[in-house]
Amino acid sequence: MEAIVLADPENTIAISDANKNFSLVARQVDANGAVIVTRNNKPAYIVISYPAARESERASNEDVLAVARHYMADHRAAFEALAR
């Protein structure tokens, strides 16, 4: 599966500032791909765009093939009986 885009550690905003000015967070995400939101000076969240989040949910072709092969192996007898 593809890795989620990680934010640049330099591209951070405190949660209190993000709460006050979320449009700034959105502009930073648009410009940089992701923003780290900190709480008590420690990374707490990563904000990414919706399209980036959807892309990260997709399984790679190799993952799909591995699952299919496993399923086929587990249910081989049933598939052979259906093929007759």
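1. Val 29 is buried, because its relative accessible area of 8% falls under the 20% cut-off. Please keep in mind throughout that this is a predicted model. Val 29 belongs to helix 2, which covers residues 22–32.

2. What does Val 29 touch, once residues up to four places away in sequence are set aside? Its contacts are Ala 34, Val 35, Val 47, Ile 48 and Ser 49. For a sense of distance, take Glu 62, which is 33 residues from Val 29 along the chain: the two C-alpha atoms are separated by 30 Å.

3. Next, the strands. Strand 2 (residues 34–39) and strand 3 (residues 42–48) pair in the antiparallel sense, with six bridges. Within this pairing, Ile 36 has Ile 46 of strand 3 opposite it. The two strands make a hairpin with two residues between them.

4. On to the surface. Which residues form the nonpolar patch? They are Tyr 71, Met 72, Phe 79 and Leu 82, and together they present about 440 Å² of accessible area. Helix 4 (61–74) and helix 5 (76–83) are the elements that each give two or more residues to this patch.

5. Leu 82 makes a handy counterpart to Val 29. Leu 82 sits in helix 5, and it counts as exposed because its relative accessible area of 69% is over the 50% cut-off. Val 29, by contrast, is buried at 8%.

6. Now the overall layout. The protein has five helices and three strands, and along the sequence they follow the pattern β-α-α-β-β-α-α-α. The radius of gyration is 21 Å, well over the 12 Å that the globule rule gives for 84 residues, so the protein is more spread out than a compact globule. Along its principal axes, the C-alpha trace spans about 65 × 25 × 20 Å.

7. Of the 84 residues, 17% count as buried, Val 29 being one of the buried residues. The accessible surface comes to about 6,800 Å², and carbon and sulfur atoms account for 55% of it. Among contacts between residues at least 6 apart in sequence, 39% join residues at least 24 apart.

Conventions: Residues are numbered from 1 along each chain as its sequence is written. This is a predicted model: local features need pLDDT of at least 70, side-chain atom pairs count only at pLDDT 80 or more; totals for chains, interfaces and linings use all residues. Side-chain values use heavy atoms; hydrogens and water are left out. Patches are made of residues with over 30% relative accessible area and no salt bridge: like charges are joined within 9 Å, nonpolar side chains (Val, Leu, Ile, Met, Phe, Trp, Tyr) within 5 Å. Accessible areas come from the Shrake-Rupley method with a 1.4 Å probe; for residues, only the protein chains shown count as cover. A salt bridge is a side-chain nitrogen of Lys or Arg within 4 Å of a carboxyl oxygen of Asp or Glu. Helices (H or I, at least four residues) and strands (E, at least two) are DSSP runs, numbered from the N terminus. Buried means under 20% relative accessible area, exposed over 50%, partly exposed in between (1.4 Å probe, protein chains only). Two strands pair if DSSP finds at least two bridges between them. Contact means heavy atoms within 4.5 Å. The radius of gyration is taken over C-alpha atoms; the globule rule is 2.2 Å times the number of residues to the power 0.38.
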